[in-house]
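Notebook open, structure loaded. I want to jot down what I look up as I go, one topic at a time.

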Amino acid sequence: MVKISPSVLTADFMNLTKPINELDLENPAGNEAYDELTPLLKKISAQKHAIENQAKDARQKQEEFKLITENMSEGLLVIDSNANVLSYNRSAVRLLCADNIQNGVSALVFNRTKGFRELIENVLSGQRCESEITQDEGVYTLIANPVYDGETVIGAVIVIIDVTERAKREQLRREFTSNVSHELKTPLTSISGFAEMMKSGGTPDSTVVDFSTSIYDEAQ
């Protein structure tokens, strides 16, 4: 029986593993190794290229998403299941008046109104909801949709729309309607009263002329 020295075995093992340990996995196709490793290196090279292409596509889509959202007039806020901010655009910062907004911080820090807090709680419970909040002199409509992974809510997307001008127009419309009603009430009361007396009959002709004159004046 031939005995092999442990040192010889160690040397042979080192010689065997050296080409493997020296493989450049950043450039799999450029390695010189055992023929038996060639299929593995080709597979690693193909996977590396596939991963690089996927990463490139992901970066491109991320840039496209950022370009689109940054040019939206509406605010966009993406949060996780703990209400922490994952993504936002400049309009969200402007509309929420939250200069210190940043990823990873709770969205509840940026707006402390009751309506905003309730909206966050409801959407993270799985409800699609809308709310209107007033901040400073602005009025904003919030639309929130939950994001699911299977049946689990993993976050939410919130759109913030500035409806200040619409709210002001609605207020003006209500004020105008109220003023018109008030201004019409007095002459219409007089017209109705004169007409009722004339309708009952027996009114002298001279009085009818006076009533008609008053009705005409009030109508004008």
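**Entry 1: Lys114 and its partner.** I looked up Lys114 and found it exposed, at a relative accessible area of 55%. This is a predicted model, so I keep that in mind for every entry. The side chain of Lys114 meets that of Glu118 in a salt bridge, 4.0 Å from N to O. Glu118 comes out as partly exposed, with 35% relative accessible area. Both sit in helix H4, and because they are 4 residues apart, about one helical turn separates Lys114 from Glu118.

**Entry 2: the buried side of H4.** Next I asked which residues of H4 (residues 114-124) are buried. I get Gly115, Phe116, Leu119, Ile120, Val123 and Leu124. Looking down the axis of H4, I see these buried residues fall within an arc of 155°, so they line one face of the helix. What do they pack against? My list has strand S1 (75-80), helix H3 (90-96), and the strands S3, S4 and S5. I also checked what follows H4: Gly126 has a positive phi, near 105°.

**Entry 3: Ser131.** I picked a residue in strand S3, Ser131. Is Ser131 buried or exposed? Its relative accessibility is 19%, and since the cut-off for buried is under 20%, Ser131 counts as buried. I then listed its contacts, leaving aside neighbours within four places in sequence: Gly115, Leu119, Tyr140, Thr141 and Leu142. Two of those names, Gly115 and Leu119, were already on my list of buried residues in H4.

**Entry 4: the strands.** I followed S3 (residues 129-135) into S4 (residues 138-149) and found them paired in the antiparallel sense over 7 bridges. For Glu132, I noted Thr141 as the bridge partner in S4. The S3 and S4 hairpin has 2 residues between its strands, and Asp136 in the turn shows a positive phi of about 55°.

Then I went on to S5 (residues 152-162). How many bridges join S4 to S5? I count 10, and the two strands run antiparallel. Tyr140 stands opposite Asp162 in S5, and Tyr140 is also one of the contacts I noted for Ser131. The hairpin of S4 and S5 again has 2 residues between the strands, and Gly150 takes a positive phi near 75° there.

**Entry 5: charges on H5.** I ran the salt bridge search over the whole structure and it gave 4. One of them joins the side chains of Glu170 and Arg173, at 2.7 Å from N to O. I find both in helix H5, 3 residues apart, about one turn of the helix. Glu170 is partly exposed, with a relative accessible area of 33%, and Arg173 is partly exposed too, at 45%.

Arg174 also forms a salt bridge with Glu170, and I get 3.6 Å between the closest N and O atoms. Arg174 and Glu170 are 4 residues apart in H5, which means about one helical turn between them. I looked up Arg174 as well: partly exposed, with 41% relative accessible area. I therefore wrote down Glu170, Arg173 and Arg174 as one network, because their salt bridges share partners.

**Entry 6: a nonpolar patch.** Last, I looked for nonpolar surface and found a patch of about 380 Å², made by Phe176, Val180, Leu184 and Leu188. I placed Val180 in helix H5 (residues 164-199). Val180 is partly exposed, with a relative accessible area of 32%.

Conventions. Residues are numbered from 1 along each chain as its sequence is written. This is a predicted model: local features need pLDDT of at least 70, side-chain atom pairs count only at pLDDT 80 or more; totals for chains, interfaces and linings use all residues. Side-chain values use heavy atoms; hydrogens and water are left out. Two strands pair if DSSP finds at least two bridges between them. Patches are made of residues with over 30% relative accessible area and no salt bridge: like charges are joined within 9 Å, nonpolar side chains (Val, Leu, Ile, Met, Phe, Trp, Tyr) within 5 Å. Accessible areas come from the Shrake-Rupley method with a 1.4 Å probe; for residues, only the protein chains shown count as cover. Buried means under 20% relative accessible area, exposed over 50%, partly exposed in between (1.4 Å probe, protein chains only). The arc is that of the directions from the helix axis to the C-beta atoms. Contact means heavy atoms within 4.5 Å.
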